[in-house]
Amino acid sequence: IWRYDDAGDEGKRMKTKDRPMYRNLRTNLPKELMAFREFPWILDDNDFGDVVNKGGDTGSGHKSPPPPPSYVTHRQVADYLDKYAKHFGIEKYVRFGCRVTQLTVLTEDENKKVEEMTTAVDEKKEGSNHGEMQSTPSFYSCWPSISLEWTTVTYEHVNGNDPTPRMQTHRETFHHALICNGHYSLPSFPPIPGLRNFSGRILHAIEYDDPLDFKGQTVVCIGARASGADIAKEIGGVAAEVFLSDSGCERWEEFGTKGENVVKRVPRTSWIDDEGGVHFSSSASSGEDDDGSTQKKQEWVVKNVDTLIFCSGYDYDFPFINKMSNLELSFPSGERRVQPLYEQLWHAQYPSVSFIGLPHSVVPFPLFELQANAVVSQLLLQSSSLSSSSLTEKETEGLIESQVVPLPSLQERMEKARLDATSGGPESPGRVQDTHFLGSHQWDYCLKMAKIGGVYDESMEKYIATNKALYDRSGKERKQILPGKKDKYRETRFQRDDKNQTYRIIYSEMEEEKSTVS
């Protein structure tokens with residue numbers, strides 16, 4: 001996701017771009033909040049050139065060094081992840097250039113064969129026969145093994161000719177499969193009546209890269225969350241008009257004097273007429289007027305639109321899970337709901353299959369880290385229940401001391417998964433599409449993951465509380481920015497203070513403006 005590839009000219013770029021990164025993207029969360037807990041985010045001196053930096057007067061006539069930016073570019077995120085991988089030596093465990101084509105949960109008979117082979121290998125290594133094995137419930141029958149198939153492509157040079165691609169198929173059996181393929185690759189297009197009547201250009205935010213491609217145009221961005229708001233602002237610098245269509249908006253809104261801000265916020269896109277006019281509609285009842293009367297549904301239309309950009313998110317997609325997978329998993333297009341899952345992480349029936357990173361509207365890296373802790377701790381806990389466990393004494397003692405909370409019974413997991421899948425998310429009234437939404441509820445989820453993973457303690461509680469404080473402050477500043485206006489919140493510099501469960505603001509352009517006004 002974070003690898004950005006400048007594909008060149010417009011035609012080539014728009015045909016090949018299949019990642020959500022675009023050239024001017026900066027994070028909308030501060031790095032002090034985004035970093036993995038185990039690896040602080042420290043920028044190099046040469047990282048400061050990509051963003052505006054603010055230095056202060058030291059009192060001696062010299063400017064102090066600028067504080068490091070908190071809101072970083074996509075290149076800096078990719079660099080941080082590279083450093084993380086190198087620091088922990090992760091790359092030696094990665095098989096690059098692999099495309100997984102099939103995941104299959106092994107049957108009971110196939111699991112028995114895997115168990116026999118594993119036991120034979122263990123006996124050979126240990127030089128013992130593990131006499132108690134026959135009376136102990138098999139780990140692999142409780143948590144079935146997983147068969148994975150994938151392809152690789154190599155290139156062969158024959159007689160000095162151009163390299164010839166050669167595809168190979170591989171298959172191996174694993175005790176566990178952690179699915180970490182994200183949910184930013186399959187664009188979601190909500191149905192809009194009359195879309196076939198639109199003769200202009202239609203694209204998804206995943207294809208967007210350069211605002212100059214829309215110079216002088218009239219553009220409608222369908223969807224007003226993070227990507228929609230950012231793209232509308234960028235395009236607004238060069239376009240004739242930009243309409244940010246927000247399902248939460250109930251009226252036509254303009255900001256500033258005519259010509260000052262070309263970005264307008266409008267209600268949801270409802271339909272497109274025979275002449276290609278794009279219609280926006282408020283809900284049937286959008287509150288009350290000043291006299292107490294109920295407002296009626298209103299509709300607006302914009303004609304001569306050049307481009308529609310669907311900033312409408314993504315669907316979950318697991319192309320390697322199908323009818324042959326021996327795994328009941330539902331993820332219909334448009335629903336944005338994966339089921340049956342226990343705690344949005346484990347397959348409820350077969351917890352040897354887990355899904356890292358499904359929740360959305362969250363701080364991703366810290367949440368991934370806690371999910372990974374929970375998954376690994378459960379795997380070790382299950383392994384330690386066997387008399388033939390390969391865990392070291394130190395690992396076993398660590399599990400006991402960490403007080404890992406074991407997963408409940410199959411029946412409890414399935415019932416919890418059913419309730420989660422029909423709840424419509426944590427807020428009321430719920431929607432199917434919000435099943436994996438967390439937002440302000442992510443902190444309770446993180447605490448739960450920490451307890452399940454056996455890493456909960458006072459320092460973890462303070463860490464999560466500090467994350468919440470940073471998240472709330474960042475969100476508060478971000479919501480003060482009107483559509484199309486400068487993202488002044490991105491110039492705020494933070495410093496964590498986990499001990500006191502808060503933060504310190506090193507610099508804030510927004511606070512400076514308030515002081516000047518007052």
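Start by selecting residues 410–422, which form helix H9. Helices here are DSSP runs of H or I with at least four residues, strands are runs of E with at least two, and both are numbered from the N terminus. At 1.5 Å a residue, the 13 residues of H9 should span 18 Å, and its end C-alpha atoms are 19 Å apart, which agrees. The expected span is 1.5 Å times one less than the number of residues.

A word on what you are viewing: this is a predicted model, in which local features need pLDDT of at least 70 and side-chain atom pairs count only at pLDDT 80 or more, while totals for chains, interfaces and linings use all residues. Residues are numbered from 1 along each chain as its sequence is written, and side-chain values use heavy atoms, leaving out hydrogens and water.

**Around H9**

Now pick out Arg413, Ala417 and Ala421, the buried residues of H9. Buried means under 20% relative accessible area, exposed over 50%, and partly exposed in between, using a 1.4 Å probe and protein chains only. Look down the axis of H9: its buried residues fall within an arc of 65 degrees, so they line one face of the helix. That arc is taken from the directions from the helix axis to the C-beta atoms. On the other side of H9, find Gln411 and Thr422, which are exposed. Then step to Gly424, which follows H9 and has a positive phi, near 75 degrees.

**Two helices together**

Next, select helix H7 (residues 364–384) and helix H10 (residues 442–452), whose axes come within 8 Å and cross at roughly 30 degrees. That makes H7 roughly parallel to H10, a label for angles under 35 degrees. The axes are lines fitted to C-alpha atoms over the stretch in contact, with angles running from 0 to 180 degrees between N-to-C directions. Show the side chains: residues of H7 including Leu367, Leu370 and Ala374 meet residues of H10, among them Tyr445, Met449 and Ile452. Contact means heavy atoms within 4.5 Å.

**A stop at Phe39**

Move to Phe39, in the loop between helix H2 (31–34) and helix H3 (74–87). Is Phe39 buried or exposed? Phe39 is buried, with a relative accessible area of 13%. Not counting residues up to four places away in sequence, Phe39 touches Tyr80, Lys83, Tyr84, His87 and Phe88.

**Zoom out**

Finally, show the whole protein, with its 12 helices and 20 strands. Of its 518 residues, 44% count as buried.

Terms used:
Angles under 35 degrees count as roughly parallel, over 145 as roughly antiparallel, 65 to 115 as roughly perpendicular and the rest as oblique.
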